[in-house]
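Q: Could we go through this structure together, one feature at a time? I would like to learn how to read each of them.

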Amino acid sequence: WTPTAYTLTYDLAGGALPEGKINPVTYNIESDAITLNNPERVGYTFAGWTGTGLETATMEVTIAKGSTGDRSFTATWTPITYTITYDLAGGALPEGKTNPESFTIESEDIILNNPVRTGYDFAGWTGTGLAEATMEVKIAKGSVENRSYTATWTPTTYTLTYDLAGGALAEGDTNPTTYTIESDAITLKNPVRDGYTFAGWTGTGLTEATMEVTIAKGSTGARSYAATWTPITYTLSYDLAGGALPEGKTNPATYTIESED
């Protein structure tokens, strides 16, 4: 007798055997027991063989010595679940927005939602696969490996505008025209004006004219301030040297820069 040669066929379903490993394509009744080498596949975990003589997916398949008949086996796979972690560095996602915490090689393209942070402009994501801070990050379908992303931020620059209402800052004094949430506390320099006494600032966040305005560290938003003034009252004194004003005539005892001639 000559032992009958039976065929062994395999469908690796996208996988491949590890380098250096093979599975036989024939056997006969006299062949020693054959334990199949399991394949591997990027992005997947091997979930077992199905096929001849197997009722369910089976991780270890052995063809016992003495077996007969052609046999066919198919590899089955489970997509690996990869994690995505985020460090929002003080920010938060806008209301109603989320970013996934996991994905598989079969997931559709994922475009990350960018976070927001009071007082800061989003400056991009850094992390897995990114050479520099990137404003739009896409995890393409077919990607693998765990991923980690960190948000980066640039302080928002806010403007400070002033209406000095005819006044000016004293020589050498300045008030900043911009600030950020990280700026140290700013106390405004008060202006001066010939013929007037400074009566305080009005404007952003002030309910009344305020003599000393400080923008605290951590403040946000553009701000605008206007100077208010009170005319200085000057006295007029007279030496009539023995004379007197005609009946019904008077001369004022005070005046201001706004008085008529």
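A: Gladly. A salt bridge is a side-chain nitrogen of Lys or Arg within 4 Å of a carboxyl oxygen of Asp or Glu. Here the side chains of Lys-141 and Glu-108 meet in such a bridge, with 3.3 Å from N to O. Before we go on, this is a predicted model: local features need pLDDT of at least 70, side-chain atom pairs count only at pLDDT 80 or more, and totals for chains, interfaces and linings use all residues. Residues are numbered from 1 along each chain as its sequence is written, and side-chain values use heavy atoms, with hydrogens and water left out.

Q: Which parts of the chain does the pair of Lys-141 and Glu-108 link?

A: Strand names come first: helices (H or I, at least four residues) and strands (E, at least two) are DSSP runs, numbered from the N terminus. Lys-141 lies in the loop between β11 (138-139) and β12 (147-155), while Glu-108 lies in the loop between β8 and β9 (110-111). The two are 33 residues apart, so the pair links distant parts of the chain.

Q: Is Glu-108 buried or exposed?

A: Buried means under 20% relative accessible area, exposed over 50%, and partly exposed in between (1.4 Å probe, protein chains only). At 56% relative accessibility, Glu-108 is exposed, whereas Lys-141, at 47%, is partly exposed.

Q: How many salt bridges does the structure hold?

A: The structure holds 4 salt bridges. Another one of them joins Lys-65 to Asp-32, with the closest N and O atoms 3.9 Å apart. Lys-65 sits in the loop between β5 (62-63) and β6 (71-79), and Asp-32 in the loop between β2 and β3 (34-35), 33 residues apart. Both Lys-65 and Asp-32 are exposed. Lys-217 and Asp-184 form a salt bridge too, at 3.8 Å between the closest N and O atoms. Lys-217 belongs to the loop between β17 (214-215) and β18 (223-231) and Asp-184 to the loop between β14 (178-179) and β15 (186-187), so this pair ties together parts 33 residues apart in sequence. Lys-217 is exposed at 54% relative accessible area, and Asp-184 is exposed at 56%.

Q: How do I read the sheets?

A: Two strands pair if DSSP finds at least two bridges between them. Strand β7 (residues 82-87) pairs with β8 in the antiparallel sense over 2 bridges: Tyr-82 has Phe-103 as its bridge partner, and Thr-83 stands opposite Ser-102. On the parallel side, 4 bridges join β7 to β12, and Thr-85 has Ser-148 as its partner there.

Q: In what order do the strands β14, β13, β18 and β16 come?

A: These 4 strands form an open sheet in the order β14-β13-β18-β16, again with mixed pairing. The edges are β14 and β16 (196-203). Strand β13 (residues 158-163) runs parallel to β18, joined by 4 bridges, and Leu-160 has Arg-223 in β18 as its bridge partner.

Q: What should I look for in aromatic rings?

A: A pair of aromatic rings is described by the distance of the centres and the angle of the planes. Rings of Phe, Tyr and Trp (its six-membered ring) pair if their centres lie within 6.5 Å; planes under 30 degrees apart count as stacked, over 60 as edge-to-face and the rest as tilted. The count comes to 19 aromatic pairs. In one of them, the rings of Tyr-6 and Tyr-27 have centres 5.5 Å apart and planes at 40 degrees, so the pair is tilted. Tyr-6 lies in strand β1 (residues 6-11) and Tyr-27 in strand β2 (residues 26-27), so the pair ties together parts 21 residues apart in sequence. Tyr-6 is buried at 17% relative accessible area, and Tyr-27 is buried at 3%.

Q: Which residues form one aromatic cluster?

A: Tyr-10, Phe-46, Trp-49, Phe-73 and Trp-77 do.
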